[in-house]
Amino acid sequence: MVAQELLGILVCPETRQPVRLADGDLLARLNAAIAQGSVQNRSGRRVEEPVQEGLVREDGLLLYPVRDDIPIMLIEEAIPLQGI
């Protein structure tokens, strides 16, 4: 789990918008789409592993995955959320 203190300082590296933890409903919808093979990250690579935790940009358009309690705040690793 991402520490609350860290959440207070993390921002999207592209737009500088704040991020928040993704809720369970969003993660369930995202993981269903991943299981169907229909999710790509910003670099165009298909996302194959379920996302257990993620940070959603304030506008709700992108999710940055969290792996082993480490937020992956790289633009090319962000997952677009349109249609999810």
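Analyst: Start with residue classes: Asp, Glu, Lys and Arg count as charged, and Gly is among those counted as polar. On that basis, the lining of the largest pocket divides into six nonpolar, two polar and seven charged residues. Bear in mind that this is a predicted model.

User: What makes a residue part of that lining, and which residues are closest to the centre of the largest pocket?

Analyst: A lining residue has an atom within 4 Å of a pocket point. For the largest pocket, 15 residues line the space, and the closest to its centre are Val47, Glu48, Glu49, Arg67 and Glu77. The space itself is about 260 Å³.

User: Which element gives the largest share of the lining?

Analyst: Strand 3, residues 62-67, with three residues.

User: How is the chain built along the sequence?

Analyst: The pattern reads α-β-α-β-β-β-β. That is two helices and five strands.

User: Why is the chain called as compact as a globular protein of that length?

Analyst: Set the value against the rule. The radius of gyration is 12 Å, and the globule rule gives 12 Å for 84 residues. Along its principal axes, the C-alpha trace spans about 35 × 25 × 20 Å.

User: What makes a residue buried, and what percentage of the chain is buried?

Analyst: The cut-off is under 20% relative accessible area. Buried residues make up 39% of the 84.

User: What share of the accessible surface belongs to carbon and sulfur atoms?

Analyst: They account for 51% of about 5,000 Å².

Conventions:
Residues numbered from 1 in each chain as written. Predicted model: local features only at pLDDT ≥ 70, side-chain atom pairs only at ≥ 80, totals over all residues. Heavy atoms only, no water. 1 Å grid on protein atoms, 1.4 Å probe; cavity = no way out; pocket = protein on both sides within 12 Å on 5 of 7 lines; lining within 4 Å. Points joined across faces, edges and corners; volume = space filled by probe spheres on them. Helix = DSSP H or I, 4+ residues; strand = E, 2+ residues; numbered from the N terminus. Rg over C-alpha atoms; globule rule 2.2 N^0.38 Å. Buried < 20%, exposed > 50% of the residue type's maximum accessible area, 1.4 Å probe, protein only. Areas by Shrake-Rupley, 256 points an atom, 1.4 Å probe, with all protein chains shown as cover.
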